[in-house]
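Okay, thanks everyone, let's get going.

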Amino acid sequence: MKKIKTVNAVGCVLQHDITEIVPGEVKGRAFKKGHIIKDEDVEKLLRLGKDNIYVFELGDKGMHENDAALVLGKLGKGKNIRLADEIKEGKINFYAQEDGVLKVDTEKLLELNMLGEISFATLPDNIPVKKGELIAGARVIPLVIDREKMEKAENITKSPILNVNSYKKYKVGMVTTGNEVFYGRIEDKFGKIVTDKLGEFDCEVIAQFLSQDDKDMIKRKAQELLDMGAEMLIFTGGMSVDPDDVTPSAIIELGGELVSYGSPVLPGSMFLLSYLGNVPVMGLPGCVMFAKRTIFDLVLPRVLSGERLTTRDIMMYGNGGLCQSCEVCHYPNCTFGK
């Protein structure tokens, strides 16, 4: 920062606000801190009594905060993301262009912030977001940052730090197991709950079949749904370790890739995820019937966004996998699954 004659200040950056006072008419900011002085500003500054002003000189090594924000915008903007129309006070905001799941390259984000003098804040990785929702904001801390530091930021990653994976509208087949439901001893409660949750993503349940607690019947019903064009299979009932609960073993015997039977999430520890080729297969524990939010709510959006989850993805939910069962549920704006 230095004191400089106003007539020589074109291209320099104001270090403080310049106030304009017209007695009886107006008192307000004529130029804001961070403004880059232009030729046409000089006359007005002189009229305001500013023959000398305090400025930053950008030179060859400095970059103004607004220009630095544009660099951060390029580093962050990936698929289905819109940048703010304007930069305000050196900050650039990121918005979702589609409903979907926010994916954050957390390692690159940390590396970027570790450079110092950079503030890049996002919503949590894997959180469901709505079209138009604010998902991140970024700025540099000083009014003028070393250009070399921003070049280092650009070299950290060649792919965007932020992406939003939009949802696909799946055709879903459902198999509800349990002799008590099959023989009409009790009414099925699972079907409507699962259908309603899928409906939030405009997915179609093409059929729901009931099955006895019999592995061969469960597998036959699943194959019928696949033959009908089901792109996802959901099994409800019989997911515990009781000897007469055979749904997990029936799903496993269907073949494909078993990702996980069991999860470090409460509620939802008896959850099963597998894949028959490209068809996701989920076995839902009984908690989905009565708990507001469960493992199903964490996994479903990611599956519907086309992400193929791994065992590690499921086990990563252990940190944040405890639902506090709040009286008023604020999910996804809470700690669950974060």
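Quick term before the helix: the expected span of a helix is 1.5 Å times one less than its number of residues. Helices here are DSSP runs of H or I with at least four residues, strands are runs of E with at least two, and both are numbered from the N terminus.

Housekeeping: this is a predicted model, so local features need pLDDT of at least 70 and side-chain atom pairs count only at pLDDT 80 or more, while totals for chains, interfaces and linings use all residues. Residues are numbered from 1 along each chain as its sequence is written, and side-chain values use heavy atoms, with hydrogens and water left out.

So, helix α2, residues 65-76: 12 residues, reaching 16 Å from the first C-alpha to the last, close to the 16 Å expected at 1.5 Å a residue. Its buried residues include Ala68, Val71, Leu72 and Leu75; buried is under 20% relative accessible area, exposed over 50%, partly exposed in between, with a 1.4 Å probe and protein chains only.

On to the cores. By nonpolar core I mean buried Ala, Val, Leu, Ile, Met, Phe, Trp, Tyr and Cys residues joined through side-chain atoms within 4.5 Å. The largest has 31 residues, and Ile234, Met282, Leu284 and Val299 have the most contacts inside it. Helix α10 is the top contributor, giving seven residues. Another core lies apart from that one, with 30 residues, Met63 and Ala138 among them.

Back to Ile234: who does it touch, beyond neighbours within four places in sequence? Contact means heavy atoms within 4.5 Å, and the list for Ile234 includes Val172, Met174, Leu198, Met282 and Phe296.

Now strands, which pair if DSSP finds at least two bridges between them. All five residues of β8 (92-96) are buried: Ile92, Phe94 and Ala96 on one side, Asn93 and Tyr95 on the other. β8 pairs antiparallel with β7 (81-83) over three bridges, and with β12 (134-140) over four.

There's also an open three-stranded sheet, order β11-β9-β14, with antiparallel pairing. β11 and β14 are at the edges with a single partner strand each, so one side of each has no neighbour in the sheet. β9 (100-104) and β14 share five bridges, and Leu102 has Val164 as its bridge partner.
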